[in-house]
Amino acid sequence: MNTNYTSLSRRIKIQFLFFSSLLAMGCGGISDYSENLGNGFLYESPGKEVKNIRTPIHGQKNIYGKVVEYKFNADFILAIQQPSREVYRGSIAYELRNADRVKYKDNSTNDRIESERVADSLILYDPYYKRIFAHTTNYWIISHQNKAMFGPLTREEYFRRRNELKVPDELKLNEENK
C-alpha cells in the first residue's frame, strides 16, 4: 500500500478522533443549540461556523452555514446566510453517504473522500449551488402556508419577494433596519 496514503489516512483518523472528542466534551466554544421554527423547520447550531436551517419538505434543500440571523412567526421564516463552502461540502457529502447506503456502505475514508469529491463537483457546477456562492450574503424567505422556500436572494430580491408575499412589517430581520 502507498505509504503517503497510509500516513494521510492515519492523520485524518487522528484528527477526526481529536475533533470528535472536543465535540463530546463541549470544548472550544462550540455551541449545541436548536430551535423549532414551526412546521418541522429547525434551526441548528452544533458549532461555531455550522448554523443551519433544516427543512422537513422532501425535495427542498437545507440552508447550510452560516445562517447569521433569522426571525420567524407562524407564517414565515426570514434568514440571512453567509455561505461556507466547507460547511456545504461536508453537509452535502454527509447527505450523499446517508442517501446511498449501497454506494457508501462502509462509511470508510474512501467513501468520505468520494462523497466529498461529488459534493465539490455539485458546488462548482450545479446552478443552485452556483447561485448560493455567487454572493457573500444571501437572504431567504420560507412560507409556511405555501410550503415554499425562496432563495438564495440578493437584498433587492429579498425586499421585492417580501412585498409580494405580504410578510408583515413587524417580522423583520435586524439587518433590515440598516
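Predicted model: local features only at pLDDT ≥ 70, side-chain atom pairs only at ≥ 80, totals over all residues.
## The three-stranded sheet

Three strands make up an open sheet, arranged in the order E1-E2-E3 with antiparallel pairing. Its edge strands are E1 (33-38) and E3, each of which pairs on one side only. From one strand to the next, the twist averages 20 degrees.

Strand E2, residues 41-45, pairs with E3 in the antiparallel sense over three bridges. Opposite glutamate 44 stands asparagine 52, a residue of E3.

## The four-stranded sheet

A further open sheet contains four strands in the order E4-E5-E6-E7, and its pairing is antiparallel. Strands E4 and E7 (148-153) lie at the edges with a single partner strand each, so one side of each has no neighbour in the sheet. Direction ignored, neighbouring strands here are turned by 10 degrees against each other on average.

Within this sheet, E6 and E7 are joined by antiparallel pairing over four bridges. In general, the strands of a sheet pair through backbone hydrogen bonds, in either a parallel or an antiparallel manner.

## Serine 143

Serine 143 belongs to strand E6, which comprises residues 138-143. Its bridge partner in E7 is alanine 148. Leaving aside residues up to four places away in sequence, serine 143 touches Asp75, Phe76, Ala148 and Phe150.

Is serine 143 buried or exposed? Serine 143 has a relative accessible area of 1%, and because this value is under 20%, the residue counts as buried.

## Lysine 66

Lysine 66 is located in the loop that runs between strand E3 (52-54) and strand E4 (67-72). With a relative accessible area of 21%, lysine 66 is partly exposed; the residue is not classed as buried because that term requires a value under 20%.

Beyond residues up to four places away in sequence, lysine 66 touches Lys48, Glu49, Lys51, Ile80, Gln81, Gln82, Pro83 and Ser84. Between lysine 66 and serine 45 the C-alpha to C-alpha distance is 9.1 Å, while the two are 21 residues apart in sequence.

## Helix H2

Helix H2 spans residues 85-99, 15 residues in total. From its first C-alpha to its last, H2 reaches 21 Å, close to the 21 Å expected at 1.5 Å a residue.

The buried residues of H2 are Val87, Tyr88, Ser91, Ile92, Ala93 and Arg97. These buried residues pack against strands E3 and E5 (76-81), and also against helices H3 (109-125) and H4 (127-132). An α-helix has 3.6 residues a turn, so residues three or four places apart point the same way.

Methods. Residues numbered from 1 in each chain as written. Heavy atoms only, no water. Helix = DSSP H or I, 4+ residues; strand = E, 2+ residues; numbered from the N terminus. Buried < 20%, exposed > 50% of the residue type's maximum accessible area, 1.4 Å probe, protein only. Contact = heavy atoms within 4.5 Å. Pairing = 2+ DSSP bridges. Axes fitted to C-alpha atoms, helices over the stretch in contact; angles between N-to-C directions. Expected span 1.5 Å × (residues − 1).
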